[in-house]
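Let's take a walk through a protein model together.

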Amino acid sequence: MSQDKDDIFIRRGSVGESEIYVTAFNASGVRLGIGESRVNITLPVSTYEESASEREAWQSWQRANVLWENGNYTEAVTLAQRASTLSPRDLEISEGLRAMNTNYARYTKAQKLRQDAETLDTERRYDDALKNLRAAQVIWPVDDGAEIIEEAERKVNEYRMLVQEANWLRDTASAYDNENMYEDALEYYAKSIALVSSDAIADRMERIRNRLTLIADADRYAGEGNSYEREGKLQDALNHYTASIMSNPDAGLRQHIEELQSVISRRERQANALNREGQDLMRRNSNQEALKRYTESMRVWENDTAAQRIKQLSRNTRLAPDTVIRGPEDFGIGTRIDAQRIIKEADELYTKGDIDGAAALYRKAQAIAPSNEMRAWVSKLDRILKERDAVNAANKLISDANALYKAGKTREAIELYRQSLNVHKNAEIEAFIRKQGTK
């Protein structure tokens, strides 16, 4: 074997023995020969196990690095941790694992941010999702990170425009809401919430729907109350009006309820007064008049006292066919609906030329529901009636005077003509009297 150049290869066999291979060359590079030798080595069991563990540790560590390079970070860390457990004194593995753990923490943090961004995206919280994606790209960049961020920015811009439109619709809905135009408010709230969900708007819509239900109930109760009032069933009307304002407070209806309560109270008092009159008439044996009072009491306000007395008296007493039974309006007691009904009847009489009958009814309506307009109209009719009565009275005197004049009783005729002028002026009569005075 040359001293200048020789090759010695030593190959480790299984634990417990070693093999030595020697290849010798001369200065010209010619191989001179090969030799080998095997040496048995006796090792403790613990050393044997430790050697096997270290070999497995390095194999695991090498596979862990391959996995890491391929992006299988979780598997790589798991395998690296196993390698460190197998060979805890190996500085290269322990330091490598420490670096790997540091990077893996950054990786998992970035992954968590990206996962949270996906959740935020489904919740339409695009601004927060974008923040997460940008932070994740800084912590652990990925190849398509820029494209993902760009897509998130597009969603943010689109959503901002959507929110702005939703806010405009919400503002319009709120304006309708403030004006109590609930149907229109619901329409625009629905358009707004269709673009951007909002628990507050959803709650407001539910309250409006409930409000509309109450308003519908109130309208129904009020309508039924009005029907009862037109039928003269004032207590039933009052009950329904009260139910109406409980569903939907209304100042006008509340005032009408107070008026109706006053009418009912007055009718009850008037009915009681008629009952007392009837009782007094019965004591004086004026049963027919008593029966009339009790009948009027029932007409003013139904009550048990009058009903029992009518039943008692009707066994032996009858009202005359032409008996006039007074009603509530004859005592100046009535509702606005009563007044409207009486005015309608009066209008029909006035149209037919029955001014006297119309005026009487207009006065009743004015007594029940006073108004400046009705007061002026009644005053006008009174003037018309007074003028008519004066003309009729004057014409009667003129007619009598004409008869006297034709009979040659000029002096007596002139006196009647003068009396007619005191009742109602007449230019023709005045001229006639002056002419007679010149003769």
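In the protein chain, 47% of the contacts with a separation of 6 or more are between residues 24 or more positions apart. Keep in mind that what you're looking at is a predicted model.

**The overall picture**

Let's begin with the whole chain. How does the radius of gyration of the protein chain compare with that of a compact globule of 439 residues? Such a globule would come out near 22 Å, but this chain has 58 Å.

What about the surface? The chain exposes about 28,000 Å², and carbon and sulfur atoms supply 49% of that area. Out of the 439 residues, 32% count as buried.

**Two helix pairs**

Now zoom in on some helices that pack against each other. Two packed helices are described by the angle between their axes and the distance between the axes. Here are two pairs to find in the view:

| Helix pair | Angle | Axis distance |
|---|---|---|
| H10 (residues 287-300) and H11 | about 145° | 9 Å |
| H15 (residues 410-423) and H16 (residues 427-437) | about 145° | 10 Å |

Take H10 and H11. The crossing between them is left-handed. On the H10 side, the residues that meet H11 are Asn287, Ala290, Leu291, Tyr294, Thr295, Ser297 and Met298, and their partners in H11 are Ala306, Ala307, Arg309, Ile310 and Leu313. Sorted by class, the contact of H10 with H11 has eight nonpolar, three polar and one charged residues.

H15 and H16 make a left-handed crossing too. Here Thr410, Ile414, Tyr417, Arg418, Ser420 and Leu421 come from H15, and they meet Ile429, Glu430, Phe432, Ile433 and Gln436 from H16. By class, the contact of H15 with H16 has six nonpolar, three polar and two charged residues.

Next, pick out Thr317. You'll find Thr317 in the loop between helix H11 (304-313) and helix H12 (336-351). Is Thr317 buried or exposed? Thr317 counts as buried, because its relative accessible area is 10%, and buried means under 20%. Setting aside neighbours within four places in sequence, Thr317 is in contact with Asn287, Gln288 and Leu291. Two of those names, Asn287 and Leu291, also turned up among the H10 residues that meet H11. Thr317 and Leu291 are 26 residues apart along the chain, and their C-alpha atoms are separated by 7.6 Å.

With a relative accessible area of 30%, Thr410 is partly exposed. Which residues does Thr410 contact, leaving aside its neighbours within four places in sequence? They are Tyr405 and Gln436. Thr410 and Gln436 are 26 residues apart along the chain, with 8.9 Å between their C-alpha atoms.

Then there's Ser244, which sits in helix H8 (residues 234-247). Its relative accessible area is 3%, so Ser244 is buried. Not counting residues up to four places away in sequence, Ser244 touches Ala218, Tyr221, Ala222 and Leu253.

**Two loop residues with positive phi**

Last stop: a couple of backbone angles. What is the phi of Arg124 near? Its phi is near 60°, a positive value in a residue other than glycine. Look for Arg124 in the loop between helix H3 (91-122) and helix H4 (126-139). Arg124 counts as partly exposed, because its relative accessibility is 28%.

Asn180 isn't a glycine either, yet it has a positive phi of about 65°. Where does Asn180 sit? Asn180 is in the loop between helix H5 (145-178) and helix H6 (182-195).

Key:
Residues numbered from 1 in each chain as written. Predicted model: local features only at pLDDT ≥ 70, side-chain atom pairs only at ≥ 80, totals over all residues. Heavy atoms only, no water. Axes fitted to C-alpha atoms, helices over the stretch in contact; angles between N-to-C directions. Helix = DSSP H or I, 4+ residues; strand = E, 2+ residues; numbered from the N terminus. Left-handed = near helix turned anticlockwise from the far one by under 90°. Contact = heavy atoms within 4.5 Å. Nonpolar A, V, L, I, M, F, W, Y, C, P; charged D, E, K, R; others polar. Rg over C-alpha atoms; globule rule 2.2 N^0.38 Å. Buried < 20%, exposed > 50% of the residue type's maximum accessible area, 1.4 Å probe, protein only. Areas by Shrake-Rupley, 256 points an atom, 1.4 Å probe, with all protein chains shown as cover.
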